[in-house]
Amino acid sequence: MTATGTSSSLLPALPPAPEVGRRNVLLVGTVFLIAAGTTLFGGLLAGYFSAREMVEAGGEVWPPDEVVIPNVPLFVGYLTLLMSSVTAQWSVSAINGRDRRTTYVAIGLTLVLGLAFVNALSFSWAALDIAAESSRFATTMFAVTVTHLLVVIAALVAFVVVGFRALGGQFSPANREPMVCAAAFWHFCAAIGLVIWYCIWFLEGGP
Amino acid sequence: MTMTETKSEPRPDDGGRAVEGPAGTGPVQSLTGPALWLTTSDHKVVGRLYLAFSLIFLLVGSAAGGVLGAERIDSGLQVMGSDALDQLYTLHGEVTVLLFLVPFFLGLATYLVPLQIGAADIAFPRGSATALWSYVIGGIMLLSAYAADGGLQGGSAIGVDLYLLSLAVLAASTCLALVSILTTAVTLRSPGMTMLRTPLFTWSMVVGGGLSLLATPVLLARLIELFIHHHFGADLGAVDAPGQLNWFWSIPHVYLLVVPAAGVAAEIVPVLTRSRLRRNSFGIAALGALGLLGFGAWAQVDPYADDLLYVVAGLAALIPALGLLGVLGDTVRRGRFSRQAALLMALGAGVHVFLGTLAGAMQVIPGLELDGTVWAAAQVHYTLFGGAVLGAYAALWYWAPKIWGVHLGEKAGTAAFVLTFWGVILLAAPDLVSGLFSGQLLGATRLGDDSLTAVLNTASVVGGGMAALGLLVVVGDLLARAGRKRGTRAIGDPWEGATLEWATSSPPPPGNFTDELPPTTSAWPVADQRARDRAEDSQGQDVDA
């Protein structure tokens with residue numbers, strides 16, 4: 001656009017109108033994904049409690065007497081997952097502060113803590129020593145916890161991807177949406193983990 | 001781009017030949033046929049493939065329905081055992097809903113939503129492409145599972161596992177496609193297009209798709225649990241597997257499945273009657289209410305027929321259905337009715353949705369004891385076949401110029417409408433009578449002893465045959481005109497449409513829009529622009545005079 005007329009020629013030209021931006025596309029998509037994930041785990045937990053009600057109505061014990069829940073490794077595992085949520089958010093705030101070194105540390109810690117959770121849950125399953133077909137408790141418990149583990153692994157993969165992109169210097173305070181989304185998904189995993197720990201492990205095997 | 005480079009003008013999508021990509025992306029690689037289909041992330045190609053595969057699967061579902069109908073007549077030609085019939089019964093429902101209805105509207109939305117809101121692309125193109133191929137693989141897995149004696153009551157353990165896995169894949173692919181569509185509708189709207197100005201088909205996807213995105217994972221959760229239960233050796237009958245899954249294709253969830261068809265009708269009727277809805281928000285409210293009443297079916301308790309919420313939801317569904325019919329009727333009354341195939345189909349879909357909700361409202365009245373009888377099948381046929389499938393046909397006839405660049409045949413469309421509209425009435429009405437007066441149970445076969453029941457069942461089969469013939473007309477016309485590009489070539493805005501998809505060529509070029517979009521100051525930006533252009537023309541003529 002060119003300015004016309006004597007007086008207007010003294011004014012600087014207006015900047016071009018901004019292009020229609022993609023308004024937080026990835027973030028909104030992540031929110032939808034988290035909403036779907038929430039009803040997925042809602043459905044799984046509803047199935048768990050429904051099965052529990054049916055079994056108890058039939059006069060049986062829930063969980064079966066032979067099931068000894070390993071409280072300590074489970075507590076440590078889920079606490080680790082909760083702590084990893086803090087480091088995930090730390091990585092976002094480090095990007096905000098243009099602190100690349102801290103970003104790498106935070107992402108690395110998140111991945112390590114996430115892997116530690118996977119290890120703790122696997123250890124707990126082994127310690128439980130029950131087969132999936134042994135009881136309705138086992139079936140529904142594995143349905144919930146295996147699905148959660150798969151979602152945590154998906155979040156780990158997302159963090160590995162954003163980690164490599166961070167190493168490539170692709171993120172800045174103005175361009176951090178993938179990092180925010182990965183962190184939001186991680187928080188979702190941790191929140192669901194907390195609910196699962198309470199509903200299944202604490203209620204059934206707590207002190 | 002430097003000054004010495006030449007930039008070719010983007011051309012309408014011509015099916016894979018080398019064309020200029022969206023601004024700054026350079027030329028698109030030249031691919032055609034399966035190579036293009038397998039590698040594309042263009043939302044238009046993905047949408048077209050969704051539509052094609054869903055119609056192929058509908059042929060399978062209709063064939064299964066035909067065999068089921070024939071088995072209800074005591075003709076002496078029964079060829080299937082009762083176990084196989086049970087399998088066929090669930091196959092018919094699952095294929096119709098999960099392999100046709102849901103993916104058809106996902107495909108339509110994948111194609112249309114970015115165009116309707118003035119976006120250059122869908123939010124997650126690769127996500128949509130992944131969803132498409134997951135759906136195709138899931139569909140093949142489902143049919144293979146039934147072929148291997150799978151299904152809920154199947155005798156093959158591997159077949160049943162494959163069946164559960166295939167449904168899980170289909171549920172996951174539905175969620176993935178919905179995330180992409182919903183994110184597009186929320187984030188990529190052109191300037192000026194507020195949510196209240198968003199076209200009604202897009203709105204129907206926001207409502208129906210949004211609530212499906214919350215409901216489908218519950219189905220997925222049930223499938224995961226059933227898979228673990230069955231895979232490790234337990235009996236599915238012990239956990240009432242049918243009861244855990246059937247809510248997805250019975251009332252009130254069917255009202256959620258019909259929301260996109262209602263959106264299609266609300267788009268077509270104003271344009272083809274040269275009228276407008278009194279207020280866009282009336283349409284939005286009807287769609288929203290229909291969707292909300294369909295949501296939460298998964299929370300039914302067993303036996304749910306006595307549940308107060310179930311009864312209230314069934315009765316209340318009449319209100320939005322009546323509202324929708326009222327909005328459409330009022331629009332027709334204020335406009336000019338014409339016998340265009342798309343308009344007839346859209347209005348027919350509205351009538352069937354209303355009949356379906358009426359049947360649903362009666363079904364939930366405990367004293368009538370209709371639940372579990374063929375009345376329920378009639379209700380689902382009215383709602384899903386008459387409402388949603390006829391709505392899908394209407395969408396094909398209305399948007400075919402935009403999707404394939406050719407018009408579908410008016411005579412074929414009218415024939416398809418007559419066959420489907422009256423076929424569904426003949427298919428469902430006898431079941432209403434049988435369900436009400438003789439209490440004939442769902443899935444019952446070989447009912448020749450009672451002469452009235454035999455006559456009704458025969459009439460129902462004839463109706464199903466008419467509807468199937470209607471499907472063949474639709475597929476035949478699509479193949480002849482759109483598949484072989486022999487239909488009348490379409491201009492950019494053949495219907496004098498109102499929404500932004502009509503502001504570009506048919507079919508649209510890569511990047512969707514080449515010219516500046518008309519300003520969006522209402523829900524009908526293209527119609528507004530046309531009115532402004534006409535006003536300017538008439539002013540110019542006055543000045544000349």
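A salt bridge is defined here as a side-chain nitrogen of Lys or Arg within 4 Å of a carboxyl oxygen of Asp or Glu. The model is predicted, local features require pLDDT of at least 70, and side-chain atom pairs count only at pLDDT 80 or more, whereas totals for chains, interfaces and linings use all residues. Residues are numbered from 1 along each chain as its sequence is written, chains are lettered from A in the order in which they are written, and side-chain values use heavy atoms, without hydrogens or water.

**View 1. Salt bridge between chain B and chain A.** Across this interface the rule finds one salt bridge. It joins the side chains of A:R136 and B:E225, at 3.5 Å from N to O.

**View 2. Interface of chain B and chain A.** The contact (heavy atoms within 4.5 Å) takes 26 residues from chain A and 23 residues from chain B. About 2,200 Å² is buried between the two chains, 73% of it on carbon and sulfur atoms; this area is the accessible area (1.4 Å probe) lost on putting the two parts together, summed over both.

**View 3. Aromatic pair A:F75 and A:W197.** Rings of Phe, Tyr and Trp (its six-membered ring) pair if their centres lie within 6.5 Å, with planes under 30 degrees apart counted as stacked, over 60 as edge-to-face and the rest as tilted. Over all chains there are 25 aromatic pairs. The ring centres of A:F75 and A:W197 are 5.7 Å apart and their planes lie at 55°, so this pair is tilted.

**View 4. Aromatic cluster in chain B.** Ring pairs link B:F201, B:Y398, B:W399, B:W495 and B:W502 into a cluster.
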